[in-house]
Amino acid sequence: MVKAEGQEAPPRRSVQRIEPFLLSVLSHRLEAIGREMVNTVMKASRSAVIKNSRDMSCGLLTYDHRLLCVEDVVPVHVIALELTTMPITEFFDDIKEGDAYINNCPYTGATHHADITVCVPVFCDGEPLFWALSRSHHADIGAPIPSTYLPEAATIYEEGVHLPCVRVQEDFRDKHDIIRMCRTKIRVGEIWYGDYLAQIGACRTAERRLKELVERYGRETIKAFIEDWMDYGERRAIAEIKKLPKGTWSYETCHDPVPGVVDEGVPVKVSVTVDPDAGEVTVDARDNIDCVPGGINLSEACASASCRIGVFYNLDASIPHNQGSASRINVLLRDGCVVGRPKYPVGTSVATTNVNARLITAVTCCFAQIGQPYGMGEFAYSQSSGEAVISGADPRKDDHPYVNQVFLAYGSGPGLHGYDGWLLSGAACDGGQMRLDSIEIDESMYPIIVTSRRIAKDTLGPGEWDGGPALEGEFGPLAGEMTAFWGSDGDVAPPRGVQGGMDSACSSNWKRHRNGRLEKLEPFASDVFQPGEMVRFVTCGGGGYGDPSARDPGKVAAAANREWISAERAETAYRVSLRLAANGVDYVVDEDATAALRAADDAQA
């Protein structure tokens, strides 16, 4: 659970309850159940945003709301997943087998209203032992406009349908009044219902598998495993934290201006205190501005998860992400804060992405203030027009309406000590778990055409270890008009480098008119596109790590040969001189000229 300010984590016992090999067997069995849930959602969903781009996650909790298994999923969806089920046991005193609940309300522990979470209690021999959860980003949730990202929506009253822990199934059957209400309010209701059924299927699949697991090993063995699993996660986290230096480090970044909501942008400040003696890390996000009159405020679930994520990114990736390891991260939030606990009824429709990505990045970059080899540069930022929500009527299908968020473009990860940034990892909230859309599937499902998608040259953040490059491309309606909504961060304040690394290029959004003229678009906007008009997008790259002039010249030449950087950029950023090879195509390092460039820099220093 997310601890309150000043509350210390209760010490856990280090008593081994089951033998270690069984601990490994059962933990991997839980992972297999989670993967089966994910595959069920992806194969059975109808929206491309879920089944194609993988904007969905599944997880398992204990019935008393402790993270049990949340692997191979979108980090921001699950790292504070326990907040989603806690209110259910507060609202209902008659929870029973066969129930299912929907929660998409940020004021009852959900991330934001577009992420509908189906929660199923799992009873074994009459005793509730688990929660199985499936969280999917739905393409529409009944807002006044066909988009789930509403930066100008000052309150939840402008966001669409909110379901604050509503019982949607009883005795394994839908409550048809709830389903009818949602299908009536939500655009393309049959698509929504199909996506909902996929989530129900995933949770019921997990229910069956968990019952089989308990039947095979016995309730007492499974209960003992749960406690040992939590203890193991806690011990692993403590061991990693003890390797870190002691101290407090701070970092500040700033989300781009959002016209009409926060014209000066949103500064995001955090401090991270490492106490290796206690085996704890404290993330303090309280020194930030109050909630703003728009949808970019974070929900408590997002703010809590993001502070944890930023720490987990700097620990060994093999640590189990369960309640045991999470208990070693103290998260300090403030009520009524843009990156804290929102004050009802302020809007939070964009809570999972924009300012949220800045918060995670700020935490990761606190570690970079320690010095090498710690931390990483800033991740790419999100929601350029390459991730627009598109809507219209499909002339190919009798003008049947469509609404979907496309994921045609991501930014890339930052450089970190020893590694270049992860190509097209997405923003920090994604953790590389989402996928680029299949162009062919998008074009078959919606009346659009994608004419280009490629790596954008000279967009990455140079460093001794580079950030990844950006993506650029164009798409537009093939038939009928198309409305696109986007909310791009990084057009003004790009991802920064650390430890001497350089910034990436900014993102940008454009409209290509029929005559070929390019018109630059606002970062937060919508527009209508007719056939022959195109959306042009350029994402961010990742920030670099370390002095670019310390980068291996051979790697610089390789990047030029991939057309990720130009020869001019190689010289100005890395102080590497390139020349054409004998084949007249590839670049090779001019070693003498490179040595002279770097020697001149050393002399000036």
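**Entry 1: Val311**

I began with Val311, which I found in helix H8, residues 300-312. The model is a predicted one, and I read every entry here with that in mind. Is Val311 buried or exposed? Its relative accessibility is 0%, so I logged Val311 as buried. I then listed its contacts, setting aside neighbours within four places in sequence. Val311 touches Val281, Val283, Ile329, Val363 and Phe367. I also checked a separation to Ile455, which is 144 residues from Val311 along the chain. The two C-alpha atoms are 30 Å apart.

**Entry 2: Ser384**

Next I looked up Ser384. This residue is in the loop between H10 and strand S12, the strand being residues 389-394. Its relative accessibility came out at 4%; the cut-off for buried is under 20%, so Ser384 counts as buried. What does Ser384 contact, beyond its neighbours within four places in sequence? I noted Trp486, Ser488, Asn509, Phe537, Val538 and Thr539.

**Entry 3: aromatic pairs**

I turned to the rings. The structure holds 15 aromatic pairs.

I then opened the pair Tyr157 and Tyr344. Where in the chain do Tyr157 and Tyr344 sit? Tyr157 is in the loop between S5 and strand S6 (166-170). Tyr344 is in the loop between strand S11 (329-332) and helix H10 (354-368). The pair links distant parts of the chain, 187 residues apart. I checked accessibility for each ring residue. Tyr157 has 58%, so it counts as exposed. Tyr344 has 49%; exposed needs over 50%, so Tyr344 counts as partly exposed.

Ring pairs join Tyr63, Phe92, Tyr101 and Trp131 into a cluster.

**Entry 4: charges over rings**

I looked up two cases of a charge placed over a ring. Arg358 lies over the face of Tyr381, 3.6 Å from the ring centre. The charged end of Lys511 sits over the ring of Phe529, at 5.0 Å from its centre.

**Entry 5: cavities**

How many cavities of 30 Å³ or more does the whole structure have? My search returned four. The largest cavity holds about 130 Å³ of space. It is lined by 17 residues, and those closest to its centre are Asp55, Thr352, Thr353, Asp430 and Met434. I sorted the lining of the largest cavity by class: six nonpolar, seven polar and four charged.

The second largest cavity holds about 50 Å³. Its lining is made up of Ser47, His138, Ala139, Asp140, Ile186, Arg187, Val188, Ile191, Trp192, Asp195 and Val403. Which element gives the largest share of this lining? Helix H6 (residues 189-217) does, with three residues. By class I counted six nonpolar, two polar and three charged residues in the lining of the second largest cavity.

How values were computed: Residues numbered from 1 in each chain as written. Predicted model: local features only at pLDDT ≥ 70, side-chain atom pairs only at ≥ 80, totals over all residues. Heavy atoms only, no water. Phe/Tyr/Trp six-rings, centres within 6.5 Å; stacked < 30°, edge-to-face > 60°. Helix = DSSP H or I, 4+ residues; strand = E, 2+ residues; numbered from the N terminus. Buried < 20%, exposed > 50% of the residue type's maximum accessible area, 1.4 Å probe, protein only. Lys NZ or Arg CZ within 6 Å of the ring centre and 35° of its normal. Contact = heavy atoms within 4.5 Å. 1 Å grid on protein atoms, 1.4 Å probe; cavity = no way out; pocket = protein on both sides within 12 Å on 5 of 7 lines; lining within 4 Å. Points joined across faces, edges and corners; volume = space filled by probe spheres on them. Nonpolar A, V, L, I, M, F, W, Y, C, P; charged D, E, K, R; others polar.
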